[in-house]
Amino acid sequence: MGASVGGKGFVSEINVTPFVDVMLVLLIIFMVTAPMMDQGLDVDLPQTRQVDTLPTDSDHLVLTINRDGTMFLDQYEVPLDELETRLGLLVRDRGRALFLRADQSVPYGVVVDVMGRVKAAGIDRLGVIALPDNQPPSGESPAHR
């Protein structure tokens with residue numbers, strides 16, 4: 001009679017215990033690493049009275065200016081002389097939204113220079129990220145005006 005083991009015949013049940021174990025381990029890994037992927041760069045944001053929440057869609061870019069003047073487009077460092085070219089490729093040509101996140105200790109002239117370069121790259125709408133007036137500056141939930 002074909003392949004039988006010890007006269008019991010074929011085993012038609014699937015043992016799902018190893019599958020469940022692997023899935024639980026993967027779930028724990030994703031639960032631990034997901035908050036780490038969302039943190040971004042450390043910037044001391046200015047506070048303002050009226051802010052709206054930052055959109056949650058992933059189709060926007062954030063231009064960050066650190067207190068030492070280095071700029072990052074999302075997590076990638078961008079030199080000032082390449083800013084217009086990269087913004088033209090990533091924002092204007094793809095129709096994405098751009099938000100500016102500058103440390104409150106960055107000089108006003110640097111922020112205005114960057115905003116001028118954004119305008120020169122052909123981007124008309126620029127969101128500015130700030131914190132609500134009632135939150136401490138080290139808060140994690142950014143918002144834009």
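**A quick note on Asp103 and helix H3**

1. Start with Asp103: with a relative accessible area of 4%, Asp103 is buried (buried is under 20%, exposed over 50%, with a 1.4 Å probe and protein chains only). Its place is the loop between strand S6 (97-102) and helix H3 (108-120); helices (H or I, at least four residues) and strands (E, at least two) are DSSP runs, numbered from the N terminus.

2. Before going on, note that this is a predicted model, where local features need pLDDT of at least 70 and side-chain atom pairs pLDDT 80 or more, while totals for chains, interfaces and linings use all residues. Residues are numbered from 1 along each chain as its sequence is written, and side-chain values use heavy atoms, leaving out hydrogens and water.

3. What does the Asp103 side chain touch through polar contacts? One partner is the side chain of Arg67, at 3.4 Å, and another is the side chain of Ser105, at 2.8 Å. (A polar contact is a pair of N or O atoms within 3.5 Å; within protein, one must be able to donate a hydrogen and the other to accept it, and residues adjacent in sequence count only if both atoms are side-chain atoms.)

4. Now for H3. Val111, Val114 and Val118 are buried there. They sit on the same side of H3, because they cover an arc of only 65° around the axis (taken from the directions from the helix axis to the C-beta atoms). Tyr108, Lys119 and Ala120 are exposed on the other side of H3. After the helix comes Gly122, with a positive phi near 95°.

5. Zooming out, the protein chain has three helices and eight strands, and 27% of its 145 residues count as buried.
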